[in-house]
Amino acid sequence: AQCLPVPAGLDMASAAALPETFFTVWTNVFDRAGLGRGPAGSNETLLVQGGASGIGVAAIQMAKAKGHRVFVTAGTDDKCAACKALGAEVAINYKTQDFVTEVKAATGGRGVDVILDMVAGDYVPREINALADDGRIAIIALQRGSHADVDLSQVLRRRLTISGSTLRVRPVEFKGAIAASLHTHIWPLLAAGSIKPVIIKTFRAEEAAAAHQELENGEHVGKIVLLW
């Protein structure tokens with residue numbers, strides 16, 4: 001139930017870069033946060049924290065392919081440029097720019113409808129300020145910690161939703177439903193070349209330590225794949 005065919009035109013290494021990231025993006029951005037199903041419909045917007053990550057580059061392409069404006073944060077100007085090349089409309093260097101200010105400016109003061117958050121911690125109250133009314137935050141990682149000081153009055157008054165999830169512990173049936181959705185909605189886009197896996201480098205299995213070092217260097221855009 002969890003298996004998917006290798007999309008037409010992709011080799012096995014490219015296909016290996018798909019499952020974890022694409023499952024994560026689909027279940028959080030499109031299922032849980034309901035991008036495109038809120039009050040603004042097809043005009044809803046997405047902010048991806050960490051746009052140059054493996055999950056980030058998948059989220060950019062998937063949301064863009066579905067017709068949504070995509071904004072991202074990244075840690076260098078080069079990473080921002082890479083995100084824009086993949087379809088992000090606005091790429092914000094979080095080391096030199098304030099993402100709340102930039103998102104508000106890009107949306108005419110309205111804010112974004114959905115935020116895919118792999119940072120959490122003290123980012124959450126800022127993300128609330130960056131949301132449009134009826135906006136949704138989907139938290140998938142806790143890079144800046146598991147605690148946040150949140151103004152719940154905004155959540156009430158502006159009908160905001162903050163959710164979180166982990167995928168690995170979910171049952172096979174749940175993952176199978178995600179696979180079916182991906183096969184219907186995303187796999188044709190992969191076969192057509194509208195969405196592509198982004199692999200920065202591959203390593204042989206015996207080079208796993210070097211692959212981890214490459215990740216820890218933090219300079220990569222997209223995925224690193226081990227070849228067996």
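Student: What makes H2 stand out in the lining of the largest pocket?

Tutor: In this predicted model, H2 gives the largest share of that lining, seven residues. The pocket itself has a volume of about 940 Å³. Of its 40 lining residues, the closest to the centre are Glu 20, Thr 21, Ile 55, Arg 168 and Lys 223.

Student: Which elements give two or more residues to that lining?

Tutor: They are helix H1 (12-16), H2, helix H3 (54-65), helix H10 (208-217) and strand E8 (223-227).

Student: How do you sort the lining of the largest pocket into nonpolar, polar and charged?

Tutor: By residue type. Among the residues closest to the centre are Glu 20, Arg 168 and Lys 223; Glu, Arg and Lys count as charged, so those go in the charged class. The whole lining divides into 23 nonpolar, 13 polar and four charged residues.

Student: And how does the lining of the second largest pocket divide?

Tutor: That one has six nonpolar, 10 polar and four charged residues. The pocket has a volume of about 430 Å³ and is lined by 20 residues, with Gly 50, Gly 75, Lys 79, Tyr 94 and Gln 143 nearest its centre. Gly counts as polar, so Gly 50 and Gly 75 fall in that class.

Student: Why is one space called a cavity and another a pocket?

Tutor: A 1.4 Å probe fits in a cavity but cannot get out, whereas a pocket is open. With a cut-off of 30 Å³ or more, the count here comes to one cavity.

Student: What lines the largest cavity?

Tutor: Its lining includes Thr 21, Phe 22, Val 57, Gln 61 and Lys 223. H2 and H3 are the elements that give two or more residues, and H3 has the largest share, four residues. By class, the lining has six nonpolar, three polar and two charged residues.

Student: Why do Glu 20 and Arg 168 count as a salt bridge?

Tutor: The cut-off is a Lys or Arg side-chain nitrogen within 4 Å of a carboxyl oxygen of Asp or Glu. Here the N to O distance is 2.7 Å, so the pair qualifies. The structure holds nine salt bridges.

Student: What makes this pair a link between distant parts of the chain?

Tutor: Glu 20 is in helix H2, while Arg 168 is in the loop between strand E6 (161-164) and H8, and the two are 148 residues apart.

Methods. Residues are numbered from 1 along each chain as its sequence is written. This is a predicted model: local features need pLDDT of at least 70, side-chain atom pairs count only at pLDDT 80 or more; totals for chains, interfaces and linings use all residues. Side-chain values use heavy atoms; hydrogens and water are left out. On a 1 Å grid over the protein atoms alone, a cavity is a set of points where a 1.4 Å probe fits but cannot get out, and a pocket is an open set with protein on both sides within 12 Å along at least five of seven lines; lining residues have an atom within 4 Å of a point. Grid points are joined across faces, edges and corners, and a volume is the space filled by probe spheres set on the points.
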